[in-house]
Structure formats: C-alpha cells, structure tokens
Amino acid sequence: MADQTNHNQAGEVAPSTVDKQAPSVAEEHAPSTDSPEPTDLPTANAPDPKAANPEDNPNAAKPAAASPKREKPAAAATEEKPAAAAKAAKKEKAPAVEDKPFVEFIEQDYLPALEKAIAQQGVQDLQVSFAKQKVPITGFESAEECWQIIGSWSEIGQRQFNLYFPEEDIQGKKGFSCNEGKKPSTLESFLIDERRVTLDLLVFGLVQRLDGQKWLGRN
C-alpha cells in the first residue's frame with residue numbers, strides 16, 4: 001500500500017493552486033445577475049428626458065418655474081368734473097310742496113291756490129280762514145278741536161263750507177260740511193279714495209264739491 005501511494009504521488013501532477021483559486025477569483029469579480037446595475041450608456045428603451053412626463057420619469061427635465069405676474073398698479077381715482085357734478089345736481093328733484101309741514105303747506109300753498117280757483121268760478125267776496133277749533137256739527141260737541149279751513153261768501157244768503165283735517169295730515173282722514181245761513185248737520189268724508197293727495201287734487205276736489213252744491217258759476 002505504501003508503494004502504491006508513492007507511485008500515485010510520483011506519477012500524477014498535483015493540481016496547481018492557481019487553478020483552484022481562479023474560479024473563486026473570477027466569480028468574485030464577475031458582475032452579479034441578481035439586480036441590474038445602472039450604467040451611463042443610453043439604451044433604446046430609455047425615455048427622452050425632455051419629452052417624458054415628470055410624474056412617470058424621475059429623469060425628466062422639470063419645467064422652469066413661471067415667473068410671478070406683476071400686478072398692474074391701480075388706476076388713480078379721478079376727480080369728478082365740475083360739469084358732471086352740476087348735471088347730477090340738476091337731476092335731483094326738489095322736495096314736493098306736499099312734503100312740507102302741515103300748517104306751513106296749508107298757509108303758504110293751499111289757501112292761495114284755493115282762493116284763486118274759487119275766484120275763477122265767479123265768486124267775488126270769498127273770505128277764507130284757517131283755524132283749530134271745535135267741529136260745528138250737532139253730535140260732535142265732545143270731539144277734540146281740529147284744524148279747519150272755513151270759507152264763506154254772500155250769494156243769495158250766507159254760504160259757508162268747512163274742510164276738516166282731524167289728523168293734521170293731508171294724506172290722512174278729511175271731512176267736509178256746508179250750510180246756507182244755519183248750522184251744518186252732516187259731516188262728509190272728503191277724498192277718501194285717493195292713494196296720494198296733492199295740492200292740485202285738494203283744490204280740484206273742493207271746487208268740484210262746491211260746484212256739485214250748485215254754489216259756483218251759473219248755479
């Protein structure tokens with residue numbers, strides 16, 4: 001057995017340590033196939049960085065940030081021209097005479113207009129007064145005083161009319177009475193169906209009522 005062992009040792013060449021180490025060295029330096037390694041070389045499947053969507057391709061070029069818009073300076077307020085201001089002032093309506101205080105309206109506007117309208121109907125000696133007093137009608141003795149317009153003239157006897165304003169407001173309730181030489185017995189409503197009473201309507205309404213009494217003109 002010893003001879004055979006020596007023969008094998010003498011006739012065979014022992015493998016070189018280089019051959020034993022070569023595979024391990026080559027394997028150590030060979031690239032691994034487990035995971036791909038990034039390279040700098042372009043490939044046919046690589047997307048164009050400029051054309052690719054940045055959300056899908058991290059290598060895509062990001063668009064340049066838009067520069068902020070500059071706000072235009074606010075236009076300076078222009079002063080209103082004097083001509084325009086004067087024109088606007090003309091458009092403003094003057095306050096209506098009916099908006100005056102009650103007593104002022106009656107004394108300054110209604111009485112002069114009423115006297116003129118009745119005179120145009122042929123009445124020459126009209127006497128008109130404006131007073132706050134009791135209603136001269138039977139049954140109203142306990143009523144409070146109220147403003148009244150009292151008109152009278154002589155025409156086949158003494159004719160008198162009273163126009164009552166119990167609310168001191170031309171838009172409020174109004175009454176009328178008339179008599180010829182004796183105490184009036186009836187108090188009538190006056191202009192109760194009108195939405196808004198004006199100076200002209202007050203004059204026309206009373207003249208019409210007196211004409212209906214046959215106290216004016218040829219009556």
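Q: What share of the 219 residues in the protein chain is buried?
A: Buried residues make up 25% of the chain's 219 residues. Keep in mind that this is a predicted model.

Q: OK. How many helices and strands are there?
A: The secondary structure of the protein chain comes to five helices and five strands.

Q: What pattern do they follow along the sequence?
A: Read along the sequence, the pattern is α-α-α-α-β-β-β-β-β-α.

Q: And of contacts between residues at least 6 apart in sequence, how many join residues at least 24 apart?
A: Among those contacts in the protein chain, 44% join residues at least 24 apart.

Q: Let's go inside. How many residues are in the largest nonpolar core?
A: That core has 31 residues. Those with the most contacts inside it are Ile106, Tyr110, Ile118, Ile149, Phe161, Leu206 and Leu210.

Q: Take Ile106 then. What is it in contact with, leaving aside neighbours within four places in sequence?
A: Ile106 is in contact with Leu111, Pro112, Phe130, Ile149, Phe165 and Ile170.

Q: Back to the helices. At what angle do H4 and H5 pack?
A: The angle is about 40°, and the axes of H4 and H5 are 10 Å apart. H4 and H5 are therefore oblique to each other.

Q: Why give both an angle and a distance?
A: Because two packed helices are described by the angle between their axes and the distance between the axes.

Q: Is the crossing left-handed or right-handed where H4 passes H5?
A: H4 passes H5 in a right-handed crossing.

Q: Which residues meet there, in H4 and in H5?
A: From H4 there are Phe105, Asp109, Tyr110, Ala113, Leu114, Ala117 and Ile118. They meet Leu199, Leu202, Val203, Leu206, Val207 and Leu210 in H5.

Q: What about Val207, buried or exposed?
A: Val207, which lies in helix H5, counts as buried at 13% relative accessibility. Not counting residues up to four places away in sequence, Val207 touches Ala117, Ile118, Gln121 and Leu216.

Q: How far apart are the C-alpha atoms of Val207 and Ile118?
A: They are separated by 6.7 Å, while the two residues are 89 residues apart along the chain.

Q: Now the loops. Where is Phe190?
A: Phe190 is in the loop between S5 and H5. Phe190 counts as buried, at 6% relative accessibility.

Q: What is Phe190 in contact with, leaving aside neighbours within four places in sequence?
A: Its contacts are Leu163, Lys174, Gly175, Phe176, Leu202, Gly205 and Leu206. Phe190 and Leu202 are 12 residues apart in sequence, with their C-alpha atoms 9.4 Å apart in space.

Q: Which loop holds Leu191?
A: Leu191 lies in the loop between strand S5 (188–189) and H5. Phi of Leu191 is near 55°, a positive value in a residue other than glycine.

Q: Where is Glu145 found?
A: Glu145 is in the loop between S1 and S2. Glu145 counts as partly exposed, at 45% relative accessibility.

Q: What does Glu145 touch, not counting residues up to four places away in sequence?
A: Glu145 touches Lys132, Gln133 and Lys134. From Glu145 to Lys132 the C-alpha distance is 6.0 Å, and the two are 13 residues apart in sequence.

Q: Last one: is Ser152 buried or exposed?
A: Ser152 is in strand S2. Ser152 has a relative accessible area of 15%, so it is buried. Residues up to four places away in sequence aside, Ser152 touches Asp125, Leu126, Gln127, Gln158, Arg159 and Gln160.

Note on methods
Residues are numbered from 1 along each chain as its sequence is written. This is a predicted model: local features need pLDDT of at least 70, side-chain atom pairs count only at pLDDT 80 or more; totals for chains, interfaces and linings use all residues. Side-chain values use heavy atoms; hydrogens and water are left out. A nonpolar core is a set of buried Ala, Val, Leu, Ile, Met, Phe, Trp, Tyr and Cys residues joined through side-chain atoms within 4.5 Å. Buried means under 20% relative accessible area, exposed over 50%, partly exposed in between (1.4 Å probe, protein chains only). Contact means heavy atoms within 4.5 Å. Axes are lines fitted to C-alpha atoms, for helices over the stretch in contact, and angles run from 0 to 180 degrees between N-to-C directions. Helices (H or I, at least four residues) and strands (E, at least two) are DSSP runs, numbered from the N terminus. Angles under 35 degrees count as roughly parallel, over 145 as roughly antiparallel, 65 to 115 as roughly perpendicular and the rest as oblique. A crossing is left-handed if the near helix is turned anticlockwise from the far one by less than a right angle, and right-handed if clockwise.
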